[in-house]
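Here's a quick rundown of the aromatic contacts in this one.

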Amino acid sequence: MNAKNTCPEYAARLRTASDLINKVNYEIKRGSLARKKLVWLELTGCSGNIISLLDGSNPGFKYLVSMMCDLIFSNSLMASEGEAAMERLFGIPDNEFILAVEGAVSTRNNGLYNVIGRFRGEPVTALKAIRILGERASHVIAVGACASHGGTSAAKPNPARCVGIQSLLKRRVIKLPGCPCHPDWFLGTLAHILLYGEPELDDRDRPLLFYSTLIHDRCPRRSFFDQGIFAKKLGESTCMFKLGCRGPVTRIDCPIRKWNQYVNWPIGDDTPCIGCAQFGFPDQMEPFITYNTTRGVRK
Amino acid sequence: MNGHDNDVSRRILKLAAESEYCLDLYCWTPCIYKKNVILNQLRYKLREIAYLSNFVCLKASPVQGCFAEDPDQNEKVFTPEDLAKFNGLDGNPAYVAVNGMVYDVTNNAAWAAASHFGLQAGKDLTNEFASCHAGQPILSKLKAVGKLVR
């Protein structure tokens, strides 16, 4: 979508994250807002969300760690290692940090399927880490599908018995499902927490800022759906409903925000939405693509 | 061909020319919203062309439309085995049963590829519906095609 020729509402939506972050920047420079500590915990997943965050451009990751927050722990990015890193993680005072979690929690064999480090000679499982830090943080954000609801880590047959972090915590967890989470969804939510506290959430604890509308309702190919003009194979520029597009059941703003620094998104590249930002992904969003369907209905 | 038919032919040719113009406009317009407006215009023109063509064809050969409504459709009775055939695969329509009624979800947006949150069409989904959609006005919006008997 060309930002210069777009609808004002869409243009404003595209700026939600950056507007919030600019406000944070302004308030911090004025001295009316203090930077807060951020812990980024990687549990049972693929580290895709931290990679996605590093791809953020509005602002970039450098801005996040230098201007908005004090990044206390991220096992992928921090300089400390081993015992020193664990000291830093568990030495953080209660209620003074925001906890961002990516990856599900392996629960089998008391969590031993995923050990994230050793502390004072004892293995620290993902299960133990989330139980301790999840109760101590001021806010908990589940970043990506796995942390939000189990996601790919909990896909059948789920040998490690992975679960989303909410099922292990007796507190509200802000959920940002997506595989991966868009940098703007996380940074915008974080900025909102810093400025105003918890953003308005839907009944499944997703920020309405980003998760209020179905992909289907903003899809540039919606008119094809309404008229029953369906793609028969990948590469066609009509509605991919018959190929298995999950846009009609997925609430997220991909049609506006797009990916890879607002360049494109799956449907813009003739690929159906696979519902990665919907609860139940991936098992309940399958089949991702099918050609054997109701196309050419016989009477 | 009488004068009336000439008028119809001229109108079809005009609509075709206007459609060509719309297509050019569509290609040159960067704004996605204007594109949608143009697509809507194209849709109306195509509808009119289809209507006029049908009018001419019907005059030449008055046949019944392929999609004539079956007045007894809601009285159709499906056994679970019958229903299983309407699974949305191999070109078949996608039907599901809820509370003894059979509904057509072939073109329902939430049933892409005849599946919905891991459920496949062609089955009695009464329990699944109750666990997720109890109290929601969903069934009234679906087309009922018959009854399920056991």
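Are Phe225(A) and Phe241(A) buried or exposed? Both of these residues are buried. Keep in mind that this is a predicted model.

**Trp40(A) with Phe186(A)**
- These two rings make an edge-to-face pair, with 5.1 Å centre to centre and 85° between the planes.
- Trp40(A) belongs to strand S1 (residues 36-42) of chain A and Phe186(A) to helix H8 (residues 183-196) of chain A, so the pair links parts that sit 146 residues apart in sequence.
- Trp40(A) is buried, and Phe186(A) is too.

**Phe225(A) with Phe241(A)**
- Here the ring centres are 5.2 Å apart and the planes are at 85°; since an angle over 60 degrees counts as edge-to-face, that's the label this pair gets.
- Phe225(A) is in helix H11 (residues 222-226) of chain A, while Phe241(A) is in the loop between H11 and helix H12 (254-257) of chain A, so the pair ties together parts 16 residues apart in sequence.

**An aromatic cluster**
- Trp185(A), Tyr211(A) and Trp259(A) come together as one aromatic cluster.

**Charges over rings**
- In chain A, Arg218(A) has its charged end over the ring of Tyr10(A), 6.0 Å from the ring centre.
- In chain B, the charged end of Lys35(B) sits over the ring of Tyr26(B), 4.2 Å from its centre.

Definitions and conventions: Residues numbered from 1 in each chain as written. Chains lettered and ligands numbered in written order. Predicted model: local features only at pLDDT ≥ 70, side-chain atom pairs only at ≥ 80, totals over all residues. Heavy atoms only, no water. Phe/Tyr/Trp six-rings, centres within 6.5 Å; stacked < 30°, edge-to-face > 60°. Helix = DSSP H or I, 4+ residues; strand = E, 2+ residues; numbered from the N terminus. Buried < 20%, exposed > 50% of the residue type's maximum accessible area, 1.4 Å probe, protein only. Lys NZ or Arg CZ within 6 Å of the ring centre and 35° of its normal.
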